[in-house]
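Keep the 3D view open as you read.

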Amino acid sequence: MALITISQSMGSGGARIARRVAESLNLELLDDQRLKQEALEMGIRAEELKGLDEKAPGFFDRLLSRRPEAYVDILQSVVYEIGHKGSGVIVGHGSQVLLNDFNCAFHVLVNASEQARVAAVSQQRGLTPEIARKLIHRADSEQRGFFRFAFNRHWDDPGLYDLIINPEKLGIQASAEMIVQGARSEKIEACSLGALETMQRRSLERRVTAALKQHDLRISTLYVDVPEPGAVRVWGSVSDESEERQIKRIVPAVAGVEKTDIKLFRAIAGI
């Protein structure tokens, strides 16, 4: 089974290609709507998922009660949880970065010239070319901003991808067939049990971190680790007894946490 990430620029046809790849390989298409559904199944509250997409920090303020960092943690936890299933076609959401160190994931970038993208957006949305071009420029800027903020990476860094496709030259069907052929290559390894478990542990770690951030706790003084599925260790310094009680209440309540090991000490003023 294949685990494929497909990243796209607006108007490039990446979503259509991803759909055809999923159909050809009989894999689940994990687009924006499916990721939201997965997050709800993981126990993340619905109000935290409004606008779950690649946006710059300025957009996160209204989407997640002015806590964009926690929003990114939620996004990461969902991608890791999806990845830990070992197969599927994930569309966007930084999956090419988050799953980049797993040999079993096949990363694809779908892009095209600005001229072709403007023509596609104009036709699809019934817009003038000038308005379509403005929309594309804004989408590109937001996507770049999100990647700088969340991962300190450039979205179009070729090192993030195993295959870069221009459907303007190949067409939608031929582009999809090329990805299918690549995913079936013997060089693409199946996800090992160790890789799947690592993704699962990373997902829980990001969920716990997000929960702590949402309560305005000083995450910089804490270390969160998931040594095995379901087990969470938290250690570090706290300012007072109230903060310690908060942490000991929040962590066990996070969905997926089965046991905890929490070791905290009081910070000494001036040190």
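**Starting from the core**

The largest nonpolar core has 33 residues, and among them L3, V78, L99, F102, F151 and M199 touch the most other members. Keep in mind that you're looking at a predicted model. Which elements give two or more residues to this core? They are α2 (32–41), α4 (68–83), α5, β4, α7 and α10. The largest share comes from α4, which puts in seven residues. As background, nonpolar side chains tend to be buried together in soluble globular proteins.

Now pick out the sheet. It's an open one of five strands, in the order β2-β3-β1-β4-β5, and the pairing is parallel. At the edges stand β2 (29–30) and β5, each with a single partner strand, so one side of each has no neighbour in the sheet. If you want a reminder of what holds such things together, strands of a sheet pair through backbone hydrogen bonds, either parallel or antiparallel.

Go strand by strand from β1. Toward β3 (residues 88–91), β1 runs parallel and is joined by four bridges; here I4 stands opposite V89. Toward β4, β1 is again parallel, with six bridges, and Q8 has V110 as its bridge partner. Carry on across β4 and you get to β5 (residues 163–165), paired with β4 in the parallel sense over three bridges. V110 turns up here too, with I165 as its bridge partner in β5.

So is β4 buried or exposed? Six of the six residues of this strand (residues 105–110) are buried, so β4 is largely enclosed by the rest of the structure.

C104 and C191 form a disulfide, with their sulfur atoms 2.2 Å apart. C104 sits in the loop between α5 (95–98) and β4, while C191 sits in the loop between α9 (172–183) and α10 (193–214), so the pair ties together parts that are 87 residues apart in sequence. The link is right-handed, with 85 degrees about the S-S bond. Both C104 and C191 are buried, and the disulfide count comes to one.

Next, the open space. Rolling a probe the size of a water molecule over the atoms shows where empty space is left. The largest pocket holds about 840 Å³ of space. Its lining has 32 residues, and Q8, S9, M10, R125 and Q143 lie nearest the centre. By type, the lining of the largest pocket divides into nine nonpolar, twelve polar and eleven charged residues.

One last stop is I44, in the loop between α2 and α3 (57–63). Its relative accessibility is 9%, so I44 counts as buried, given that the cut-off for buried is under 20%. I44 and A255 are 211 residues apart in sequence, yet their C-alpha atoms are 7.9 Å apart in space.

How values were computed:
Residues are numbered from 1 along each chain as its sequence is written. This is a predicted model: local features need pLDDT of at least 70, side-chain atom pairs count only at pLDDT 80 or more; totals for chains, interfaces and linings use all residues. Side-chain values use heavy atoms; hydrogens and water are left out. On a 1 Å grid over the protein atoms alone, a cavity is a set of points where a 1.4 Å probe fits but cannot get out, and a pocket is an open set with protein on both sides within 12 Å along at least five of seven lines; lining residues have an atom within 4 Å of a point. Grid points are joined across faces, edges and corners, and a volume is the space filled by probe spheres set on the points. Ala, Val, Leu, Ile, Met, Phe, Trp, Tyr, Cys and Pro count as nonpolar, Asp, Glu, Lys and Arg as charged, and the others, Gly among them, as polar. Buried means under 20% relative accessible area, exposed over 50%, partly exposed in between (1.4 Å probe, protein chains only). Two strands pair if DSSP finds at least two bridges between them. A disulfide is a pair of cysteine sulfur atoms within 2.5 Å. A nonpolar core is a set of buried Ala, Val, Leu, Ile, Met, Phe, Trp, Tyr and Cys residues joined through side-chain atoms within 4.5 Å.
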